[in-house]
Amino acid sequence: MSDFNQSPPSKDQLDLVYGLEDRPKPLIAFLAAFQHLLAIIVPIVTPGLLICLALGVSKEDTNMILSMSLVISGIATFLQSKKVGPFGAGLLIVQGTSFNFIGPIIGIGSAMVAAGTPVEAVMASIFGVVIVGAFIEMGVSQILPWIKKLITPLVTGIVVLLIGLTLIKEGLISMGGGYQAMSDKTFANADNLIMSCTVLALIIILNRIRITWVKSSAILIALICGYVLAGFMGHLDFSGLKDAPLVQIPTPMHFGLSFSWSLFIPMAFIYLVTSLEAIGDITATSKLSNQPVDGPKWMQRIKGGVLVNGANSFLAGIFNTFPSSVFAQNNGVIQLTGVASRYVGIWIAALLVILGLLPAVAGIIQAVPQAVLGGAVMVMFGAVAASGINILSGVHLDRRALLIIAISLALGLGVAQVPQILEHLPELFRNIFSSGVATGGIAALILNVVLPETKK
């Protein structure tokens, strides 16, 4: 329990109800964990659902992938909160499936499917790349000072902004009903637009209500309302529940393992950027928990947190789901509730694992029409782009920085919109530059090194 007789916090500290090492009573811990769950459950399952829908993965396999997203997120959240040896930051940190990887996986995966590669073989390649790429992030955790010098906030901001901007297309496709709606000529019909626009409008309205729990779970509430609306309109499909087992037993390497260089190059770069994003999120959690944000103890937390980022992505690939990363959402919940106890993270982890082992949960989520999901993902993808802008706002935007931003965005978005520009390049270069995020990110990295900084 918190010591309410202690001296008041300094102006730089948050007045916490439960500090990092405090142990709330079970009921209080459960309620705090449930608030976090409301804010994170949709973002955890959404990347996997979008990827499966875009690539045409079967409903049974989609159900398994979504279940594993929850289980793997629970394991990572436990490690981050509990801290086991070198693994974990020892803070109330929630980790979940990352949005950063959606663009390359859908783009390159769809091209492989279109070229005649069976979906199962495509998934084997994706998970092979997820496993290999995870070692990049685990390696980064050991050389953070050097990586931070090479990949500056300018480069990170550009890459995160490109991730968000290149995902907007996928968001709009979801709002119109998804790739399936394109093939059956129902794309952007009245029903799909009513469902997606209703969810989008509800998220905006709910975010303006001055009630803490409503704002923190606005996306979930809006999706539930969209779910009910879809039911009244006759668009709920529960076929994913038909053959679902009572309990989902984790099955390692369900699709087998393969590898794709064309997917690995952009994924490798995003793994680097995701590591640096984790540093910012962990630092924010540390500050909100009244813990150091510099010095050896902070660096130890950063290394442990980034190491779990990579190790858990490795585990995700083994158990057929997608890379995970530290979530920023829980920082808002900590600030609003004043509960920073890392023991609450263990409760969150337990809830995620329990939900993941119950296939009915994934089946109910899978039943939601993609148009309903589209109204929410447009906000989520826009938030990714806004996060990139937020990072760039902290950079001194002199002529050099603006030139690097201009060229990187132009090349990255250009390749994303007109991929035919790469048609006559050797296969190696096509593989490297086929992702707009990789193209823009590599350009930003090279220009940041080559162009000398203006002396202040």
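## Ground rules

Residue numbers start from 1 along each chain as its sequence is written, and side-chain values use heavy atoms, with hydrogens and water left out. Because the model is predicted, local features need pLDDT of at least 70 and side-chain atom pairs count only at pLDDT 80 or more, while totals for chains, interfaces and linings use all residues.

Helices (H or I, at least four residues) and strands (E, at least two) are DSSP runs, numbered from the N terminus.

## H6 against H19

Two packed helices are described by the angle between their axes and the distance between the axes. Take helix H6 (residues 153-176) and helix H19 (residues 436-450): their axes come within 9 Å and cross at roughly 165°. Here axes are lines fitted to C-alpha atoms, for helices over the stretch in contact, and angles run from 0 to 180 degrees between N-to-C directions. That angle makes H6 roughly antiparallel to H19 (angles over 145 degrees count as roughly antiparallel, under 35 as roughly parallel, 65 to 115 as roughly perpendicular and the rest as oblique). The crossing is right-handed, meaning that the near helix is turned clockwise from the far one by less than a right angle.

On the H6 side, the contact (heavy atoms within 4.5 Å) is made by Leu154, Val155, Ile158, Val159, Leu162, Ile163 and Thr166. H19 brings Gly436, Val437, Gly440, Gly441, Ala444, Leu445 and Asn448. By class that is nine nonpolar, five polar and no charged residues. In this scheme Ala, Val, Leu, Ile, Met, Phe, Trp, Tyr, Cys and Pro count as nonpolar, Asp, Glu, Lys and Arg as charged, and the others, Gly among them, as polar.

## H6 against H17

H6 also packs on helix H17 (residues 399-417), at an angle of about 30° and with the axes 10 Å apart. H6 and H17 are therefore roughly parallel to each other, and this crossing is right-handed too.

From H6, the residues involved are Leu154, Ile158, Leu161, Leu162, Leu165 and Thr166. They meet Arg400, Ala401, Ile404, Ile405, Ser408, Leu409, Gly412, Leu413 and Ala416 in H17.

## The nonpolar core

The largest nonpolar core has 127 residues. Such a core is a set of buried Ala, Val, Leu, Ile, Met, Phe, Trp, Tyr and Cys residues joined through side-chain atoms within 4.5 Å. Ile65, Met123 and Ile126 have the most contacts inside it, and helix H1 (residues 26-55) gives the most to this core, with 17 residues. If you set aside neighbours within four places in sequence, Met123 is in contact with Leu55, Val57, Ile65, Phe255 and Phe322.

Over in helix H15 (residues 359-366), the buried residues are Pro359, Val361, Ala362, Gly363 and Gln366. Buried means under 20% relative accessible area, exposed over 50%, and partly exposed in between (1.4 Å probe, protein chains only). Those H15 residues pack against H1, helix H2 (59-82) and helix H14 (342-356).

## Two positive phi values

Most residues other than glycine have a negative phi. Lys185 has a positive phi of about 65° although it is not a glycine. Lys185 is in the loop between helix H7 (178-183) and helix H8 (190-206), and at 75% relative accessibility it counts as exposed.

Asn320 also has a positive phi, near 65°. Asn320 lies in the loop between helix H12 (296-318) and strand S2 (324-326), where it is buried, with a relative accessible area of 1%.

## A few buried spots

Ser141 is in the loop between helix H4 (119-140) and helix H5 (144-150) and counts as buried at 0% relative accessibility. Not counting residues up to four places away in sequence, Ser141 touches Lys303, Val306 and Leu307. Ser286, in helix H11 (residues 261-288), is buried at 1% relative accessibility. Beyond its neighbours within four places in sequence, Ser286 is in contact with Leu91, Gln291, Pro292, Val293 and Arg301.

Leu206 belongs to helix H8 and is buried at 12% relative accessibility. Leaving out residues up to four places away in sequence, Leu206 touches Val214, Lys215, Ala218, Ile221 and Ala222. Leu206 and Ser216 are ten residues apart in sequence and 9.3 Å apart in space, C-alpha to C-alpha.
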